[in-house]
Amino acid sequence: LAGVVFAAHPVCVASVAWISELKNTLSLPFYLLSILWYLRFEAGNPEDRGQKPGHAPRPSKWWYWLSLVAFLLALLTKTSVVMLPMVLLGCAWWQRGRVMRRDLMRSAPYFAVALVLGLTTVWFQFHQAMKGEAVQTENFWGRLAGAGWAVWFYLGKALWPVKLSMNYPRWQIDAASPLAYAPPVLLGAVFMWLWRFRGTWGRHALLGLGCFTVTLFPVMGFFDMYYLIYSRVADHWEYLPLTGMVALVVGVG
């Protein structure tokens with residue numbers, strides 16, 4: 001059901017119909033396969049199920065390596081999938097209530113590959129796409145405020161996809177105004193409130209909203225990209241993060 005809702009979601013049109021953004025649709029299958037195969041590897045591990053290693057057969061490590069290869073293919077298609085290692089750690093926390101040392105060790109190769117190709121993309125954007133041109137004048141605090149606005153914007157379009165546009169007007173962020181920081185503060189308050197209920201329903205909400213927010217991180221405005229000259233947000237940037245929010249909403253329903 002979540003797959004059907006995602007496929008029919010109007011926000012996805014920008015990625016599916018815009019020829020220059022078909023790399024989004026090409027990267028998503030590898031991204032999802034990487035998560036699926038990683039979870040399949042963990043599902044066969046007796047330690048991850050709370051059993052003693054000697055009481056069940058060890059899982060095939062082929063699932064782990066297939067997952068890593070799928071992640072590499074996703075990165076080579078589009079590096080917006082760079083936050084997948086954080087999603088894997090989020091899944092580990094969701095399943096067991098904590099992130100263990102073995103989770104960090106297993107995710108280390110994912111982080112390494114993501115770091116190399118992520119930095120390559122940053123270099124390409126600065127030296128080739130922008131050619132040294134400044135696309136943002138805001139300091140860190142201004143970008144933090146803009147990131148908070150962006151998350152709420154994307155959340156609104158995910159839950160109520162109306163008045164969509166291929167290009168949205170570019171916001172002006174006044175970093176000197178306290179009101180500019182209201183969105184990120186409110187977002188932090190929501191996560192803190194959900195954390196209070198992490199033992200029950202809050203865990204599921206934290207995973208869904210957390211995956212949504214974390215996956216948006218590369219396009220929040222902290223890193224310069226040429227498209228930021230035109231707008232701080234874009235529907236095609238929400239294509240990948242939308243999976244977490246759709247899964248959460250459909251799961252609740």
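Modeller: Residues are numbered from 1 along each chain as its sequence is written, and side-chain values use heavy atoms, without hydrogens and water. As the model is predicted, local features need pLDDT of at least 70 and side-chain atom pairs pLDDT 80 or more, while totals for chains, interfaces and linings use all residues.

Biologist: Why is Thr 79 called buried?

Modeller: Buried means under 20% relative accessible area, exposed over 50% and partly exposed in between (1.4 Å probe, protein chains only). Thr 79 has 18%, so it counts as buried.

Biologist: What makes the link between Thr 79 and Thr 121 a polar contact?

Modeller: The term needs a pair of N or O atoms within 3.5 Å; within protein, one must be able to donate a hydrogen and the other to accept it, and residues adjacent in sequence count only if both atoms are side-chain atoms. The side chains of Thr 79 and Thr 121 are joined at 2.8 Å.

Biologist: What makes helix 5 largely enclosed?

Modeller: 10 of its 13 residues are buried, so the rest of the structure largely encloses helix 5. Among them are Trp 93 and Arg 96.

Biologist: Why does Lys 163 count as exposed?

Modeller: Its relative accessibility is 78%, so Lys 163 is exposed.

Note on methods. Helices (H or I, at least four residues) and strands (E, at least two) are DSSP runs, numbered from the N terminus.
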